[in-house]
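Thank you for making time this morning.

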Amino acid sequence: MKAKIKRMETLKMLISSMELGCQEDVLKELRKEGFRITQATLSRDLKQLKVAKAASMNGKYVYVLPNETMYKRVTTPKTAKEMLQFSGFLSLHFSGNMCVIKTRPGYASSIAYNIDNCDFPEFLGTIAGDDTIFIVIKENVSQEIVRERLGDIIPNIH
């Protein structure tokens, strides 16, 4: 599951930072980032991400992500690996069987999406805003286990 999460995050970063007009171009860029997948897998990934095509500034149709702040097109793109080094995570706090994660603005929904898609048995669910994620944890689950699970998704979580 971790490989799929990394691939999906890389795919989102590529689409948000480059003008990619066909699946062949996307596959080529994914290969540069170390992901070798089939066109069918790419097609499923694009559907899951709700990727659409829209006219760019030069009139060419390119892939775009749904309206998420984190993935708005940038004018000076970095490589996907550079962008993925910063998860948007700021802090983690506990109270009883609850956990609150603070993120940079626009990052919470994508991090919560990744947490939900890992199906960690220790987590009952998440609620995400723009910069805050609320997680309900099953009773009697230690903070160490929660940190370990979240560490699979969020780099640099202490």
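Let me start with a term: buried means a relative accessible area under 20%, exposed means over 50%, and partly exposed is in between, with a 1.4 Å probe and protein chains only. This is a predicted model, in which local features need pLDDT of at least 70 and side-chain atom pairs count only at pLDDT 80 or more, while totals for chains, interfaces and linings use all residues. Residues are numbered from 1 along each chain as its sequence is written, and side-chain values use heavy atoms, with hydrogens and water left out.

With that in place, Asp45 is buried, because its relative accessible area is 3%. Asp45 sits in helix H3, residues 39–48, where helices (H or I, at least four residues) and strands (E, at least two) are DSSP runs numbered from the N terminus. Which residues does Asp45 touch, not counting those up to four places away in sequence? They are Lys4, Arg7, Met8, Leu11 and Ile37, with contact taken as heavy atoms within 4.5 Å.

In general, an α-helix has 3.6 residues a turn, so residues three or four places apart point the same way. After H3 comes Lys50, with a positive phi near 60°.

Now to the cores, a nonpolar core being a set of buried Ala, Val, Leu, Ile, Met, Phe, Trp, Tyr and Cys residues joined through side-chain atoms within 4.5 Å. The largest has 21 residues, and Ile101, Ile115, Phe123, Ile135, Leu150 and Ile154 are those with the most contacts inside it. Helix H5 gives the most to this core, with 4 residues. Apart from this core lies another, of 16 residues, among them Leu27, Leu42, Leu49 and Leu65.

Finally, the cysteines: the structure holds 0 disulfides, a disulfide being a pair of cysteine sulfur atoms within 2.5 Å. Cys99 counts as buried because its relative accessibility is 0%, whereas Cys22, at 31%, is partly exposed.
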